[in-house]
Amino acid sequence: MRNVTITILLLMLSIPLTGMAQNSIDELVDHYSAIGESTFTSTVVRDPETRQITKVVKTLKVVGTRVSEFVKAFEQEAKKNDTHTSVEGIEKSVVITSESPTANRIYMLKYNNYVPHILGKTTIIIKYNKKP
């Protein structure tokens with residue numbers, strides 16, 4: 001029994017942390033898309049031949065102090081993942097990319113750089129890799 005416990009702990013420690021970006025940002029999007037007071041859209045693209053999902057695009061627009069939660073989540077994930085930040089005028093964009101064997105993910109946050117509590121727009125693009 002002790003060997004099984006040690007083996008499970010070692011397996012858990014060997015799991016890469018790149019999936020954490022997906023979890024924290026996805027959880028925020030799922031939470032705020034369900035409680036209202038936001039605008040949420042989701043688009044699914046399917047392969048016409050196999051009908052399998054090839055791409056999912058989720059967009060969530062939030063206002064008020066909720067935007068700061070997304071800013072904090074993106075700042076935390078920026079430390080662990082490939083990130084690109086740009087500022088155009090008053091709009092700041094943060095893009096995080098994450099690759100795995102099953103899917104490539106892009107997380108994008110746009111918000112007012114000077115007054116971040118006005119409006120925030122989070123977009124998640126998941127492109128599933130084709131199986132050979």
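This is a predicted model: local features need pLDDT of at least 70, side-chain atom pairs count only at pLDDT 80 or more; totals for chains, interfaces and linings use all residues.
**Salt bridges**

Side chains of opposite charge can pair when their charged atoms come close. In this model the count of salt bridges comes to two. One joins R105 to D26, with 3.2 Å between the closest N and O atoms. The two partners come from distant parts of the chain, since R105 belongs to strand β5 (residues 103-112) and D26 to helix α2 (residues 19-35), 79 residues apart. Both R105 and D26 are buried.

The other salt bridge brings together the side chains of K80 and E77, at an N to O distance of 3.9 Å. K80 has a relative accessibility of 46% and is therefore partly exposed, as it falls between the limits of 20% and 50%. E77, by contrast, is buried, with a relative accessible area of 4%.

**Aromatic pair**

Across the whole structure, one aromatic pair is found. Because Y32 lies in helix α2 and F70 in helix α3 (residues 66-78), the pair ties together parts of the chain that are 38 residues apart in sequence. Y32 is buried at 6% relative accessibility, and F70 is buried with a relative accessible area of 0%.

**Helix α3**

Helix α3 contains 13 residues and spans 19 Å from its first C-alpha to its last, close to the expected 18 Å. Its buried residues are V67, F70, V71, A73, F74 and E77. These residues lie on the same side of α3, because they cover an arc of only 165° around the axis. An α-helix has 3.6 residues a turn, so residues three or four places apart point the same way.

**N112 in strand β5**

Strand β5 also holds N112. N112 has a relative accessibility of 14% and counts as buried because this value is under 20%. Its side chain reaches two backbone nitrogens, as listed below.

| Side chain | Backbone nitrogen | Distance |
|---|---|---|
| N112 | Y114 | 2.8 Å |
| N112 | V115 | 2.9 Å |

Leaving aside residues up to four places away in sequence, N112 touches I90, I118 and L119.

Notes:
Residues are numbered from 1 along each chain as its sequence is written. Side-chain values use heavy atoms; hydrogens and water are left out. A salt bridge is a side-chain nitrogen of Lys or Arg within 4 Å of a carboxyl oxygen of Asp or Glu. Helices (H or I, at least four residues) and strands (E, at least two) are DSSP runs, numbered from the N terminus. Buried means under 20% relative accessible area, exposed over 50%, partly exposed in between (1.4 Å probe, protein chains only). Rings of Phe, Tyr and Trp (its six-membered ring) pair if their centres lie within 6.5 Å; planes under 30 degrees apart count as stacked, over 60 as edge-to-face and the rest as tilted. The expected span of a helix is 1.5 Å times one less than its number of residues. The arc is that of the directions from the helix axis to the C-beta atoms. A polar contact is a pair of N or O atoms within 3.5 Å; within protein, one must be able to donate a hydrogen and the other to accept it, and residues adjacent in sequence count only if both atoms are side-chain atoms. Contact means heavy atoms within 4.5 Å.
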